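Please read the following briefing alongside the sequence and the structure. The points are grouped by topic.

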Amino acid sequence: MKLREWWHDKFRRGLILLAGAAVIATVSGRAFVAQRTPFPVRRGPGVTEVWRLSDFLPRLRDTRGDTDVFVLTGRKPGGTVLVLGGTHANEPAGHVAAVVLVENVIMEAGRLLVIPTANASGFSAGDPQEASPPAFSIAAADGVRWFRYGGRGSAVTDQWPDPDIYLHHPSGQTLSGSQTRNMNRAYPGRPDGNFTEQCAFAVTEIVRREKVDLVIDLHEASPEYPVINTIVAHERAMPLAVAVTMNMELRGIKIGLEASPSNLRGLSHRELGDHTPALAVLMETPNAAEGRIRGRTTPELIVTGRDKMYVRAARAGRLFVSYDENGHPLEQERVLRHLVGIEEFMKAFSEENPQRPIAATHYPEQAVIQQSGLRRYLRP
Amino acid sequence: MIQQLILIAYQLIVLLVLAATVRAALRRENSSTFQIMAVVLAIPLALRLLMIK
């Protein structure tokens with residue numbers, strides 16, 4: 001009776017309920033803020049310098065758009081290739097492949113620039129209403145390595161609100177307003193643009209100032225998306241991409257080839273090819289975790305690609321990639337496809353430009369990854 | 001400088017609204033339903049305050 005009377009006093013009841021609200025806000029808030037902790041990237045023996053993206057656009061300093069740029073310089077002079085991982089933080093094959101390069105490759109000739117988290121802001125939060133897990137893990141040489149899984153665009157806490165219509169600069173092409181936070185619709189970017197445009201501009205500045213010869217942007221796509229398991233190449237990069245496609249097929253890696261559409265603006269392969277002297281390509285692999293048909297988004301789905309609904313969709317002929325109960329594993333297939341592609345691009349570029357070779361040693365071996373995943377190539 | 005002032009102003013506004021919500025949740029004159037709504041509203045306001053950089 002006393003408790004009931006006590007509860008009926010609105011002031012005391014309000015205090016208890018507010019205390020409960022404070023607990024909920026604290027627990028969920030801490031979990032949200034914890035997503036801002038970046039995943040570890042170990043500096044491998046081939047890394048000669050580490051820059052920051054803000055070195056190329058100072059206003060990004062002390063923002064969540066700033067990120068590491070790993071520089072691997074060879075003993076001999078040669079060409080420069082830039083690998084972009086993490087343009088979309090929900091496409092893990094990109095940033096995992098980039099990390100593997102940073103932690104293993106030693107350059108013999110030329111220079112390899114790697115940005116594992118090109119849109120670092122995207123890693124600080126998932127996309128609203130997607131219920132994605134904030135992280136996933138992979139077996140490493142001695143234990144487990146964890147990686148962040150984020151959102152497709154810059155976090156809404158870094159850039160908000162979205163306009164109704166996004167006007168791409170400088171083409172003026174109109175896109176859906178939510179694309180304003182998609183870094184792969186923001187190139188070439190501008191220094192005084194919105195947050196995402198500034199990040200894209202900094203990457204473009206790297207290409208210009210460092211005289212990058214070849215840009216490879218690593219992505220994934222949902223299995224129902226037509227551009228999948230594909231290289232998308234700017235027209236100037238197409239001869240190189242043709243050679244790479246053939247060589248990848250000879251190595252048993254199925255890969256398609258698409259021309260960069262000239263009427264779709266803002267993408268890295270279009271704009272970096274148009275606005276810089278670099279050859280620009282993009283690579284896609286299948287990722288069920290970002291698809292619309294998927295079931296629950298779990299770390300297991302991210303790593304294995306196994307999903308019952310996608311198997312059903314494949315049987316109904318709705319997908320642009322084959323799908324069975326084995327899924328599409330992140331390590332043995334998706335990251336491997338990216339790593340083999342990058343290796344072949346470096347070889348093909350060196351053959352076409354013998355005076356500017358790009359050659360690497362200690363490159364992750366296809367047979368090893370197919371057999372036992374990335375365990376050997378992820379430092380403890 | 002202006003950006004920092006805008007940030008401070010925004011934080012103060014959210015804090016003000018949160019304070020009003022907490023007051024509403026504690027007032028004996030308000031109905032129980034209103035009290036519950038105020039408590040529920042306090043959660044996203046507190047989160048917003050936490051996430052403003």
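This is a predicted model: local features need pLDDT of at least 70, side-chain atom pairs count only at pLDDT 80 or more; totals for chains, interfaces and linings use all residues.

**Strand pairing in chain A**

- Strand 9 of chain A pairs in the parallel sense with strand 3 (residues 76–84) of chain A over 4 bridges, and within strand 9 it is A:Asp217 that stands opposite A:Leu84.
- Strand 9 of chain A also runs parallel to strand 12 (residues 279–286) of chain A, to which 8 bridges join it, and A:Leu218 has A:Met283 of strand 12 as its bridge partner.

**Interface of chain A and chain B**

- Contact between the chains involves 20 residues of chain A and 18 residues of chain B, and about 1,600 Å² is buried between them, 68% of it on carbon and sulfur atoms.
- On the chain A side, A:Lys10, A:Phe11 and A:Leu18 lose the most area to chain B, together accounting for 35% of what that side buries.
- The rule finds 1 salt bridge across this interface; a salt bridge links the side chains of A:Asp9 and B:Arg28, at 2.7 Å from N to O.

**Surface of chain B**

- A nonpolar patch on the surface is formed by B:Met1, B:Leu5, B:Ile8, B:Leu12 and B:Leu15, which together have about 530 Å² of accessible area.
- B:Met1 lies in the segment before helix 1 (2–26) of chain B and is exposed, because its relative accessible area is 70%.

Conventions:
Residues are numbered from 1 along each chain as its sequence is written. Chains are lettered from A and ligands numbered from 1 in the order in which they are written. Side-chain values use heavy atoms; hydrogens and water are left out. Two strands pair if DSSP finds at least two bridges between them. Helices (H or I, at least four residues) and strands (E, at least two) are DSSP runs, numbered from the N terminus. Patches are made of residues with over 30% relative accessible area and no salt bridge: like charges are joined within 9 Å, nonpolar side chains (Val, Leu, Ile, Met, Phe, Trp, Tyr) within 5 Å. Accessible areas come from the Shrake-Rupley method with a 1.4 Å probe; for residues, only the protein chains shown count as cover. A salt bridge is a side-chain nitrogen of Lys or Arg within 4 Å of a carboxyl oxygen of Asp or Glu. Buried means under 20% relative accessible area, exposed over 50%, partly exposed in between (1.4 Å probe, protein chains only). Contact means heavy atoms within 4.5 Å. Buried area is the accessible area (1.4 Å probe) that two parts lose on being put together, summed over both.
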